[in-house]
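Here's a quick briefing on how this chain packs together.

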Amino acid sequence: MYGMLLESVQHFIQLEYGESAWREVVRLARCKWYVFNTHQIYPDGLMPELAAAAAQLLTDPTDRSGENVEPTADGFMRYFGRCFVRFFSNLGYDAPIRATGRYFCEFLKNVDNLHLQMRFAYPKMKSPSMYMSHVDRNGCVLVYRSTRRGFTQYFMGQLDQIAEEVYDTNLRIRVLQSENTSTTSVSSHLSAVATAAATATGLQNVLVKYRLDFDNSAFVDQHAAVHTFDRSLQLPSIPIKLLLRLFPFGVVIDQDIRIMDAGEKLLSVWGASTADDVRGHLLVQHLVLRRPRDIPFTWTNLMYLASVTFELEVLRGTHATMPEKKLSSTKGEKKSVSPLPATLDRRGSYGSRSILLKGQMRHFKEIDVVVFLCSPVVNNLDELQAMSLFMNDLNLHGLSRELVLAGWQHCSRLELMFERAEQWSQDLEDNYGQLDKWKRKGDSLLYSMLPRSVADQLQNEQSTMNTCKAFNLISVMFCEVEGLRPQATIKGVMDVVECMNTVFSCFDSLTDRFSVYKVETVNQVYMAVSGAPEYTREHARNVTDLSLEFAENIRDLQFPCNIKIQIKIGIHSGPVVAGVVGMKVPRYCLFGDTVNTASRMQTTSQPGKIHISITTKRLLPQNMYNLTSRGLVAVKGKGKNGNVLGRKKTTKPTNGKTSQSLIV
C-alpha cells in the first residue's frame with residue numbers, strides 16, 4: 001500500500017491521542033517506521049497490525065459518551081478508514097468525489113472510474129473493484145472485491161465518512177457475505193496462455209457483500225423516470241451493422257462471452273476477412289481485459305459494471321493461431337466463467353504496436369447481447385502509424401481525430417507503457433530468481449558428486465591437482481551386497497535394481513550422521529571413507545559405527561519377491577592420497593595400498609559380518625567393542641594376517657554410555 005494511507009493513521013492518532021501514544025502503537029506493532037512517505041510502498045499487513053496495537057493501548061475512537069467501550073482491532077480499522085477520507089479531503093481529493101454524481105448511489109457506480117483517474121499518479125495502487133447487485137429505496141447491496149485481506153472494516157469506515165461528509169447521508173452498513181476466491185479458478189473457456197499465467201500467480205481475492213441502508217428514494221425516483229421515458233419512445237428496429245459502422249472497433253458479445261459480430265476496423269486489425277472468421281470464438285482469444293482489474297469476464301459482471309469504463313487490449317492475428325476446437329466448452333455448458341489472469345503479459349502484438357480499446361459495455365435487452373462501444377486510444381500521429389491505423393479509422397462523432405492531431409497524451413497509453421516496463425522488470429527479476437534456483441540445484445548436484453570443500457576449490461578455478469592431498473592415517477570401508485542373483489526377465493532385473501536402490505539410499509542417509517564420505521558404488525559394492533577430505537581423529541570409530549548401522553538397518557528393509565539380502569563389510573586404516581582426477585566426470589578418488597587392503601578385508605569377510613584389520617583394531621577405543629579374532633586369514637597379495645570379524649550386539653551401558661560390541 002502507498003504511504004498516504006498510513007500517513008492518515010499517523011496524523012489522526014497524533015492529533016487525537018498524542019505523539020507518545022503514536023510511538024507506543026508503533027512500538028507494540030513492531031513497525032520500523034514512525035513517519036511515512038506518501039508515494040512509498042509499504043507492506044499491506046502493516047495497517048491491521050497498527051489497528052491491533054491501537055486496540056490494546058488506546059480507548060475506543062467511537063466512544064463519545066465516556067462509557068468506556070472495549071476497543072477492538074475491527075473498530076480501529078473502521079476508524080482508520082474514516083481517517084483516510086478526512087485526510088485526503090484536506091489535500092483536495094474530495095473534489096472528484098463531489099463531482100462524481102448527485103447521489104450516493106452514483107458515487108458507488110463510478111468508484112472504479114475514480115480509481116482509473118488516480119492510477120497514473122499511483123501506478124502500483126491495488127485499487128479494489130465494486131458494483132451494486134441490488135438497489136432499492138432503502139439502500140443497496142454492494143459487492144466489493146480486493147486483493148488485500150483484512151480491509152473489510154477499513155472500507156466500511158471510508159463509506160461511512162464519504163456518505164456523511166460529502167453526501168450528508170446517514171449510512172448503516174452490515175456484512176452479508178465474505179469469502180476468499182482464487183483468481184486461478186479456470187473454466188473450459190479460458191485460454192491456455194491465461195491458464196498458465198493464472199496458475200503461476202495464484203493470487204487470492206477477497207469478496208465481500210455489504211448491505212448499505214440509507215435514504216435512496218431520490219435516486220430510485222430519477223432512475224424510474226428515465227426508464228419510463230425509454231418505454232414511451234418506440235423506434236423501428238435497425239440492423240446491428242449500422243451500430244458497428246458508428247463504432248468500427250465495436251464487438252457484439254453473447255451470454256457465453258463469445259463473439260457474435262465485430263466492426264470492420266477491428267476485423268482488419270485481427271487479420272480477418274469477414275466476421276465469420278471470428279464468429280463463435282471466445283472473446284478472450286482476441287481481447288485481453290485490462291480494466292477493471294481482477295474481475296472475472298462473465299455475463300453477470302458485464303451487467304453489473306455497465307457504468308464502468310472498460311479497457312481491452314487487442315491481440316493481433318490470434319484467430320489463426322488459437323484454434324477454437326482446443327478451447328471448446330463442455331456440451332451443455334451455459335454462462336460459464338472465464339476469469340483472466342491478474343498479471344498479464346504486455347509483450348504481445350509483435351510486429352505492430354498493440355491497440356488499446358476504451359469504452360462501455362452496453363447491454364441491449366431487445367436482442368440480449370452486450371456491445372462493446374469503444375474507440376482506440378491513440379496519442380499522436382507517430383503512434384497511429386505504429387498501430388497500422390489511419391485517421392479515417394477513427395470515429396467521426398468523437399474527439400479522437402482532434403486529440404491525435406493535437407498530440408494529446410492519453411494516460412491509458414502512458415500507463416500501458418509503464419506496465420510494459422514493469423513487466424520487463426518483473427521478467428528480469430523472475431529470471432534472476434530462476435538463475436539463483438538453478439544455481440542452487442547445480443551446487444546441490446555438485447556437492448553430491450564431490451566433497452563440499454573440494455567442489456568449492458574447483459569453483460574457484462583451481463586445478464584438479466590442487467585438490468590432491470596425502471593423508472597419513474584414515475579409514476576405508478567396503479560393503480558388498482549379496483543375494484542378488486542375475487535375473488533372466490526384465491521384471492526380475494527391475495526388482496534387482498529396486499533392491500539396490502533401496503539399500504544404497506538407506507546407506508546414503510546414514511553416512512552424514514557419522515562424518516563419513518561416500519566415495520563411490522561399483523556394481524554391488526559400496527565404498528566410504530572417514531578422515532578425508534576433512535580429517536578427523538575418530539575416523540576408525542566413525543566407519544565402524546557406520547558399519548554396525550548398516551548391518552542393523554539391512555535387517556529392517558523390505559524387498560520385492562522375498563529377496564534375501566546380506567552384506568559383507570571390510571575395514572582397513574592407513575595412508576592414502578586423495579583428490580579429483582579427470583575433467584569429464586570428476587570424481588573424488590582414493591589411491592594407495594590402504595584401499596586395496598580394505599577391499600581384501602571385504603572379500604574375505606563372511607556374510608552378515610564386519611571384517612576389520614589389526615590396524616583398525618588398534619585405533620578403536622578399548623572396551624567399547626567386543627572383538628573376536630579369526631586367527632590367520634589368507635589374504636590375496638598380503639599373505640596371512642590376524643584379523644577380526646564381527647556383528648552388532650546390544651550390551652549394558654558402561655559408565656553411563658551405551659557400549660557397542662563386535663562378536664563372531
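Contact here means heavy atoms within 4.5 Å. With that cut-off, A53 touches V25, L28 and A29, leaving out residues up to four places away in sequence. One thing to keep in mind: this is a predicted model, where local features need pLDDT of at least 70, side-chain atom pairs count only at pLDDT 80 or more, and totals for chains, interfaces and linings use all residues. Residues are numbered from 1 along each chain as its sequence is written, and side-chain values use heavy atoms, with hydrogens and water left out.

**The chain overall**

- The secondary structure comes to 22 helices and 19 strands; helices (H or I, at least four residues) and strands (E, at least two) are DSSP runs, numbered from the N terminus.
- Of the 664 residues, 47% count as buried, where buried means under 20% relative accessible area, exposed means over 50%, and partly exposed is in between (1.4 Å probe, protein chains only).
- Among contacts in the chain with a separation of 6 or more, 70% come from residues 24 or more positions apart.

- Two packed helices are described by the angle between their axes and the distance between the axes.
- Axes are lines fitted to C-alpha atoms, for helices over the stretch in contact, and the angles run from 0 to 180 degrees between N-to-C directions.
- Helix α3 (residues 46-57) packs against helix α4 (residues 73-90) at an angle of about 120°, and their axes are 8 Å apart.
- That makes α3 and α4 oblique to each other; angles under 35 degrees count as roughly parallel, over 145 as roughly antiparallel, 65 to 115 as roughly perpendicular and the rest as oblique.
- The crossing of α3 past α4 is right-handed; a crossing is left-handed if the near helix is turned anticlockwise from the far one by less than a right angle, and right-handed if clockwise.
- On the α3 side, M47, P48, L50, A51, A52, A54 and A55 do the touching, and they meet A73, F76, M77 and F80 in α4.
- By class, this contact of α3 with α4 has 11 nonpolar, no polar and no charged residues (Ala, Val, Leu, Ile, Met, Phe, Trp, Tyr, Cys and Pro count as nonpolar, Asp, Glu, Lys and Arg as charged, and the others, Gly among them, as polar).
- Helix α1 (residues 3-16) also packs on α3: their axes come within 11 Å and cross at roughly 15°.
- That angle makes α1 and α3 roughly parallel, and α1 passes α3 in a left-handed crossing.
- L5, L6 and V9 in α1 meet L46, M47 and L50 in α3, a contact of 6 nonpolar, no polar and no charged residues.

**Salt bridges**

- Side chains of opposite charge can pair when their charged atoms come close.
- A search of the whole structure turns up 20 salt bridges, each being a side-chain nitrogen of Lys or Arg within 4 Å of a carboxyl oxygen of Asp or Glu.
- R82 and D160 pair up at 4.0 Å, N to O; R82 sits in α4 and D160 in helix α8 (residues 152-165), so the bridge ties together parts that are 78 residues apart in sequence.
- R82 is partly exposed at 24% relative accessibility, whereas D160 is buried at 9%.
- K518 and D508 form another bridge at 3.3 Å, N to O; K518 is in strand β12 (residues 517-522) and D508 in helix α19 (residues 490-511), so this pair links parts 10 residues apart in sequence.
- K518 is partly exposed at 26%, and D508 is partly exposed at 30%.
- R541 and D545 bridge at 3.7 Å, N to O, and both lie in helix α20 (residues 539-553), 4 residues apart, about one turn of the helix.
- R541 is partly exposed at 32%, while D545 is buried at 9%.
- Salt bridges that share partners join R78, R82, D160 and E164 into one network.

- A53 belongs to helix α3 and is buried, with a relative accessible area of 3%.
- A53 and L28 are 25 residues apart in sequence but 5.7 Å apart in space, C-alpha to C-alpha.
- N216 is in the loop between β4 (204-213) and α10 (217-232), and is buried with a relative accessible area of 2%.
- Not counting residues up to four places away in sequence, N216 touches C105, V135, D136, R137 and G139.
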